[in-house]
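Visitor: Hi, could you walk me through the ring packing in this one? I'd like to go through it piece by piece.

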Amino acid sequence: MRYKNRCPVAVESVVISSQHDKNISLEQIRKEITQKVITPIIPEKFCENSPQIYVNPTGRFVIGGPQGDCGLTGRKIIVDTYGGWARHGGGAFSGKDCTKVDRSAAYAARYVAKNVVAAGLAKECEVQLSYAIGIAHPISILVDTFGSANISEVEIQRRIEANFDLTPRGIINNLGLYRPLYKQTATYGHFGRLDLDLPWEKLDKVTALS
């Protein structure tokens, strides 16, 4: 969704991943989901700019449920991050490696927002990143400065896109997330840890953003 003054004004992209019978083609599932789910639900006034639609963007989705997506989950993400101060998506950090955007993109959003504030573009900044499986770049980057910006939020978003590689590979490489960093974050949270040298706390993009 695109928002103006905290009110939705347009749908920019729709992502649906739907498991299906092995005898149904990918083309059919995409057509059926678009015609019978997406189109009837979204009001026409939000679709004037023809939103991007991604139905099963990785391809066929026959195997699902515990057979296709099992493993260790972690404690609530709110415990490891901002303690209720900021809005959250789902998922968890613990139990997921850095190839999962539940973890790496949360680190990246922290890294981006912290540099935006340090560059003097805003006094507060919340960055929302949305991804679709099989698509490298975020399908949405939403910046909310809660009225504290010194330039337009559109310009802040443009500078973010110009100076940060927010693909999973780009995040991993830039923050060095394949290194053994995580044991030290097992207690007392992942963010705002001045006692630790964590890559998502660095302020190396201030000059580029200014």
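Guide: Happy to. H4 is among the elements that cover the buried residues of H6. Keep in mind that this is a predicted model.

Visitor: Which residues of H6 are buried?
Guide: Those are Gly170, Ile171, Ile172 and Leu175.

Visitor: OK, on to the rings. How many aromatic pairs does a search of the whole structure find?
Guide: The search turns up six aromatic pairs. One of them is formed by Tyr82 and Phe191, a tilted pair with 5.0 Å centre to centre and 40° between the planes.

Visitor: Where do Tyr82 and Phe191 lie?
Guide: Tyr82 is in the loop between helix H3 (77–80) and helix H4 (101–118), while Phe191 is in the loop between helix H6 (168–175) and helix H7 (206–209), so their pairing ties together parts that are 109 residues apart in sequence.

Visitor: Is Phe191 buried or exposed?
Guide: Phe191 is buried, at a relative accessible area of 9%.

Visitor: What about Tyr107 and Trp200, how are they arranged?
Guide: Tyr107 and Trp200 form a stacked pair, 3.7 Å centre to centre with 5° between the planes. This pair also links distant parts of the chain: Tyr107 belongs to helix H4 and Trp200 to the loop between H6 and H7, 93 residues apart.

Visitor: How accessible is Tyr107?
Guide: Tyr107 is buried, with a relative accessible area of 0%. For Trp200 the value is 0% too, and Trp200 is buried.

Visitor: Which residues do ring pairs link into a cluster?
Guide: The cluster is made up of Tyr82, Phe93, Tyr107, Phe191 and Trp200, linked through ring pairs.

Visitor: Changing topic: which ring does the charged end of Arg103 sit over?
Guide: That would be the ring of Tyr182, with the charged end of Arg103 4.3 Å from its centre. Elsewhere, Lys205 has its charged end over the ring of Phe164, 5.6 Å from the ring centre.

Visitor: One more. Where is Glu201?
Guide: Glu201 sits in the loop between H6 and H7. Glu201 is buried, with a relative accessible area of 10%.

Visitor: What is Glu201 in contact with, leaving aside its neighbours within four places in sequence?
Guide: With those left aside, Glu201 is in contact with Arg110, Lys114, His190, Phe191, Gly192 and Arg193. Phe191 is also a member of the ring cluster.

Terms used
Residues numbered from 1 in each chain as written. Predicted model: local features only at pLDDT ≥ 70, side-chain atom pairs only at ≥ 80, totals over all residues. Heavy atoms only, no water. Phe/Tyr/Trp six-rings, centres within 6.5 Å; stacked < 30°, edge-to-face > 60°. Helix = DSSP H or I, 4+ residues; strand = E, 2+ residues; numbered from the N terminus. Buried < 20%, exposed > 50% of the residue type's maximum accessible area, 1.4 Å probe, protein only. Lys NZ or Arg CZ within 6 Å of the ring centre and 35° of its normal. Contact = heavy atoms within 4.5 Å.
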